[in-house]
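Let's take a walk through this structure together. Have a look at it first, and then we'll go through a helix, a loop and a pocket.

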Amino acid sequence: MARHIISAKQFEKNEVLALFEKAKKLKQAFKQRKILDVARDRILTTVFLEPSTRTRLSFTYAMKRLGGVVVDFGAEEITSRAKGESFEDTMKMLDCYAPDIIVLRSKEVGAAERASKIVSCSVVNAGDGWNEHPTQALLDVYTMWEVFGKVDGLRVGVMGDLKYGRTPSSLSYLLSKFSNISIHYIAPPELQIRQDVLENIKNVEVNMHSRLEEVDVELDVLYVTRLQRERFADQQLYEALKGSYTVSTTLLSRLRKIPTIMHPLPRVDELSTEVDVLPQAKYFEQAENGVYVRAALISSLLSLNTP
Ligand code: NCD
């Protein structure tokens, strides 16, 4: 039976650490621009029914660097989805072409899980609406592991649109697999973290704030996210909240210690470009790590013989 990656809740700490060790080795190989020959005869299909740059491309680079083949579904408007074909039929049909992995992004919560019940290969959730983005969480926590040499005991601020964002929920679930984690959720009350997320991270020390200045401990990491404009039913509320919090060097200089700054990207105006030159800014490394972590995940799903 093929294994599916649907939620960050499904991982165990030891498995995550083993993936990180594999990602670290693949990083060394890929840094030398190597194309390995371990995924020959294997096909990964990317199906992105919502915009994406990093997730789609890093899966593509990861599979190609492993020596495998990638087939992209293409933009929804050039496919029969535009003629009204159902999601179920599209998935059934894709399965007939026998890919080894389908990487799926959809606007709909639960889409990856639905797909996993239709197809015979592995399905990887690359974002289902506001719900989850488990592989983003893997690369986020991998980046923390690389910076700090461990994950246990980290104090992480998660800031921005925590209600409609899918990266804060998956990040919270994955961090909750480690010990002594404290998370400071920083958001305007309208965008605070969802109750269902809190119910699944009972072993984490949780603190809520509406502004960064209210955080009274030295954070190790500040994870910033953008307002998910496309998910706001009320565009006036979006306009009112837009620009209400921006991480700038001035704001950071008021903290006792500047934390490692992370962001899943894309950024809009919540993270000033002047922060990019700080040694604590890790978001582009985070994006780069996406290739290594996703390659590690692919090789684990397909039991490849990687270095
Ligand atoms: C995120 C997403 O799609 O949820 N992007 C990404 O995959 N790096 C974050 C976002 O769109 O804000």
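A residue counts as buried when its relative accessible area is under 20%, as exposed when over 50%, and as partly exposed in between, using a 1.4 Å probe and protein chains only. This is a predicted model, where local features need pLDDT of at least 70, side-chain atom pairs need 80 or more, and totals for chains, interfaces and linings use all residues. Residues are numbered from 1 along each chain, and side-chain values use heavy atoms, leaving out hydrogens and water.

Start with helix α5, residues 134-148. Helices here are DSSP runs (H or I, at least four residues), strands likewise (E, at least two), numbered from the N terminus. Twelve of the 15 residues of α5 are buried, so the rest of the structure largely encloses this helix. Among them are Leu-138, Tyr-142 and Trp-145. Just past α5, Gly-149 has a positive phi of about 75 degrees.

Now find Arg-194, in the loop that runs between β6 (182-186) and α7 (195-199). Arg-194 is buried too, at 11% relative accessible area. Its side chain reaches the backbone oxygen of Trp-130 at 3.3 Å.

Where does the largest pocket lie? Domain 1 (8-132 + 289-302) and domain 2 (134-286) both contribute to its lining, so the pocket lies between them; these bounds come from an automatic or database domain assignment.

Key. The expected span of a helix is 1.5 Å times one less than its number of residues. A polar contact is a pair of N or O atoms within 3.5 Å; within protein, one must be able to donate a hydrogen and the other to accept it, and residues adjacent in sequence count only if both atoms are side-chain atoms.
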